[in-house]
Amino acid sequence: MAHLRIPRPWEIPEWQATPEAVFLNRRQLLAALGLGAVSLGLPVQIAGAAPVAPKGDPAKMLQPAVGSRFRDRFPAKRNPAYRFGGRPLTPEEKAARYNNFYEFTPTKNEVWPLAAGYPVTAWKVEVAGLVGKPRTYDLDDLFRFPLEERLYRHRCVERWAMQVPWTGFPLRRLLDAAQPLSTAKYVRFVSFSDPEHLPGMKETVSYYPWPYHEGLRFDEARHDLAFVVLGSYGHPLPMQHGAPLRIHCPWKYGYKSPKSIVKIELVADAPPTFWHALQPAEYGFYSNVNPKKPHPRWSQEIEEDLGTGERRATQLYNGYGPQVAGLYKGDEA
Ligand SMILES: Nc1nc2c(c(=O)[nH]1)N[C@H]1C(S)=C(S)[C@@H](COP(=O)(O)O)O[C@H]1N2
Ligand SMILES: [Mo]
């Protein structure tokens, strides 16, 4: 019995182990930053590994945050041009229980109970900046866009991946409606800010660069794959996926797809981004999925499927190379 080694709950699977040298770098980095709790990208166990079920009413887990108001727009017609490429659909419940949404909590399986019931009915999103026609959209305006369903692959920088049917419309439509000026070279996204009602934001308000903000180059944002998402699995988004609207850029790591956005701003220079501001050495501006470019603390060659647990080779641009490679000269990081 003396040699029996009982794995502790926080121990990570062997394949995700962090090399010691890199681990030391991380500790030094965190010490330098004065942070102890930056956890995006901390290797974690996925797919139901959580030992304790979070409190929360499972009946509310999949409920559209906008309620029944736009019921008649769903399900939208599926656009057959966008497919999973041989990968399996991730069961809706798995995707709904395992979320990155730091405004609520950094603990993935506790996002949904905290997010359920968050009020979004009076939501507005502003499209502004270097444009001829700035405009503020309310929910009625947004759900009036012609909606389509697309099957998209999603790859988190932490190495889990999923396949989800999203409903929405190309981001390009919102941008073009604003009549961008020729000086607009980048697009900046800003998520909601409500520390009173967002426990994750409230706890970290003094040392995270809230609100969550992200950015794309203008030509990336106008690419056909860059999608404004209003729904998932055939109904409007439940809160944990970023209701009432989020972005999805399937060829980039997941953190480039901001949730619950309130502002889209066209700007001249590359905008700062949330994770880059926290840990510049770890999270670049482009963040295109790339198996040959390891994260400083782990390899990106392999990914793990959230639904099946299968491990497979990561694909360059998450398999969207034929569509997006033309955007890049190869030197983007
Ligand atoms: N506002 C906001 N957007 C966000 C995040 C976040 O914490 N806050 N996390 C990002 C990360 S790291 C990922 S992987 C995806 C997760 O989306 P999902 O929970 O719908 O799967 O959302 C991204 N968008
Ligand atoms: Mo992520």
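Residues are numbered from 1 along each chain as its sequence is written, and chains are lettered from A and ligands numbered from 1 in the order in which they are written. In this predicted model, local features need pLDDT of at least 70 and side-chain atom pairs count only at pLDDT 80 or more, while totals for chains, interfaces and linings use all residues; side-chain values use heavy atoms, with hydrogens and water left out.

Rolling a probe the size of a water molecule over the atoms shows where empty space is left. A cavity is a set of points, on a 1 Å grid over the protein atoms alone, where a 1.4 Å probe fits but cannot get out. One cavity of 30 Å³ or more is present, and the volume of the largest cavity is about 310 Å³ (the space filled by probe spheres set on the points, which are joined across faces, edges and corners). Its lining, made of residues with an atom within 4 Å of a point, comprises 24 residues, and Asn100, Phe101, Arg246, Gly254 and Lys259 lie nearest the centre. This lining contains 14 nonpolar, seven polar and three charged residues (Ala, Val, Leu, Ile, Met, Phe, Trp, Tyr, Cys and Pro count as nonpolar, Asp, Glu, Lys and Arg as charged, and the others, Gly among them, as polar). Strand 4 (residues 160–170) contributes the most, with three residues; strands (E, at least two residues) and helices (H or I, at least four) are DSSP runs numbered from the N terminus.

Ligand 1 sits in the largest cavity, meaning that more than half of its atoms lie within 2 Å of the grid points. It is surrounded by 20 residues, the closest being Tyr102, Glu103, His241, Ser257 and Lys259 (a heavy atom within 4 Å). This shell divides into nine nonpolar, eight polar and three charged residues. Polar contacts are pairs of N or O atoms within 3.5 Å. An oxygen atom of ligand 1 lies 2.9 Å from a polar side-chain atom of Asn99, and an oxygen atom of the ligand is 2.8 Å from a backbone N or O atom of Tyr102. An N or O atom in the side chain of Glu103 lies 2.8 Å from a nitrogen atom of ligand 1. Taken alone, ligand 1 exposes 540 Å², of which the protein buries 100% (Shrake-Rupley method, 1.4 Å probe).

Phe74 and Pro75 are joined by a cis peptide bond with omega about -10 degrees, and Pro75 lies in the loop between helix 1 (20–33) and helix 2 (92–97).

Technical notes: Polar contact = N/O pair within 3.5 Å; in protein donor to acceptor, adjacent residues only side chain to side chain. 1 Å grid on protein atoms, 1.4 Å probe; cavity = no way out; pocket = protein on both sides within 12 Å on 5 of 7 lines; lining within 4 Å.
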